[in-house]
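Work through these exercises with the structure open beside you. Try each task before reading its solution.

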Amino acid sequence: MTRHDRSARAPFRADAVGSLLRSEPLKQARRDHQAGVLDAATLRGVEDDEIRRIVARQEQLGLKAVTDGEFRRAWWHFDFLEGLTGVEGYEAEQGIQFQGMATKARSVRVTGKLGFADDHPMLDDFRFLDGATREAIAKMTIPSPSVLHFRGGRRNIDSSVYPSLDGFFADLADTYRDAIHGFYAAGCRYLQLDDTVWAYLCSAKELKAARERGDDPDRLQQIYAEVLNHALAGRPDDLHVSLHVCRGNFRSTWISEGGYEPVAETLFGKVDVDAYFLEYDTERAGGFEPLRFLPEGDKQAVLGLITTKSGELESAQAIEARIAEASRFVARDQLCLSPQCGFASTEEGNLLSEEQQWAKLARVVEVARRVWDDA
């Protein structure tokens, strides 16, 4: 395999963000576990069986990278963050507010020195996924480092531990560097960092909220880029790292809106990831013009043109037309296709059926094969 063999390296022409709708057997097992009638070992056995099933389904569809659907998680981000040294989860006063509804009242805060331990539970989660695959590569998804800071800001970081946020960001970068190497040592060769924050930095409403928390959003782009680049520095050549940018995804609702233009020069030009999974299913994400900042070469933009927020299946012709439109601003060889987000960023899931979910993933594979010869 060569670096330029697009069919043999991530991201693939047909790719997916990660989370999948939780199956009914899994939901029932979680309810039974919470009720105290199912022990942890039995619950994990159900998770194992359901993950094997969805891995096989993804491979049958023709996806070259598969995930565990985040089936062991309640949240796309908190489960991982709570596993870090120095981070604790807690019952917040209120949930995260989306359009017309809110999540459960949960959050995380920094109470000690940050670190990534060798026994982080998601290392074993990845090892199981890797062992469950046959033809496809196992893709691991974790929240991006900026997620630990942006929404809570200074108030959720113990000032006795980190009197200066400079120290916090330095340790955050080191923690993620250790996490990246930890997953690599576990066998991971395709890692995705999920990030809502870069999209929030395009939203007037979210920028206002950040200022009210005492943050200077004008500096955050540079800070987050530096944290990411420090964490990514020295990663092995055969580890592919993607960044997924999302505007919020909870029960088919969303949080922020605004095109990528305010962050594009920094995000695409200065952050040292290999690819960007970009939400592009609605006008909330703006146009394709910001893709002009993607450097020529190996960096990829994965266009999230198929929505996970409804079951209506997009036409292949409409998707192809949008890919052609994006090609006006970046070479088609630097483009791939995926859904705009996961189907269940939290265990509640979006408002569509499992079969509609699989139909959308099949449409991704179908269109990619029509557009690119190396799909």
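**Exercise 1.** Which residue just after α1 takes a positive phi?

Solution. The model is a predicted one. Go to the end of α1. Gly36 comes just after this helix, and its phi is about 85°, a positive value.

**Exercise 2.** Find the buried residues of helix α1 and say where they sit around the axis.

Solution. Step one: take the helix, residues 24–34. Its buried residues are Leu26, Ala29 and Arg30. Step two: look down the axis. They cover an arc of only 100°, so they lie on the same side of α1. Step three: look for the partner. The buried residues of α1 pack against α2.

**Exercise 3.** Describe how α2 meets α11.

Solution. Start with the geometry. Two packed helices are described by the angle between their axes and the distance between the axes. Here α2 spans residues 40–61 and α11 spans residues 354–371. Their axes come within 9 Å and cross at roughly 35°. The crossing is right-handed.
Next, list the contact residues. From α2 come Arg53, Ile54, Arg57, Gln58 and Leu61. From α11 come Glu354, Glu355, Trp358, Leu361, Ala362 and Val365.
Six are nonpolar, one is polar and four are charged.

**Exercise 4.** Give the strand order of the open sheet and name its edge strands.

Solution. Trace the six strands in order: β5-β6-β7-β8-β9-β10. The pairing is parallel. At the edges are β5 (140–143) and β10, each pairing on one side only. From one strand to the next, the twist averages 25°.
Now check the β5 end. β5 pairs with β6 (residues 190–195) through four bridges, in the parallel sense. Ile142 has Leu193 of β6 as its bridge partner. Helix α5 (residues 165–185) lies across β5 and β6 and runs at about 170° to β5.
Then check the β10 end. β9 (residues 300–306) and β10 run parallel, joined by five bridges. Val302 stands opposite Cys336 in β10.

**Exercise 5.** Is strand β10 largely enclosed or open to the outside?

Solution. Count the buried residues in the strand, residues 335–339. Five of the five are buried, so β10 is largely enclosed by the rest of the structure.

**Exercise 6.** Which peptide bond is cis at Pro11, and where does Pro11 sit?

Solution. The cis bond joins Ala10 and Pro11, with omega about -10°. Pro11 is in the segment before α1.

**Exercise 7.** What is the phi of Glu70, and is Glu70 buried or exposed?

Solution. Locate the residue first. Glu70 is in the loop between β1 (65–66) and α3 (78–82). Its phi is near 60°, a positive value in a residue other than glycine. Its relative accessible area is 3%, so Glu70 is buried.

Conventions. Residues numbered from 1 in each chain as written. Predicted model: local features only at pLDDT ≥ 70, side-chain atom pairs only at ≥ 80, totals over all residues. Heavy atoms only, no water. Axes fitted to C-alpha atoms, helices over the stretch in contact; angles between N-to-C directions. Helix = DSSP H or I, 4+ residues; strand = E, 2+ residues; numbered from the N terminus. Left-handed = near helix turned anticlockwise from the far one by under 90°. Contact = heavy atoms within 4.5 Å. Nonpolar A, V, L, I, M, F, W, Y, C, P; charged D, E, K, R; others polar. Buried < 20%, exposed > 50% of the residue type's maximum accessible area, 1.4 Å probe, protein only. Arc of directions from axis to C-beta. Pairing = 2+ DSSP bridges.
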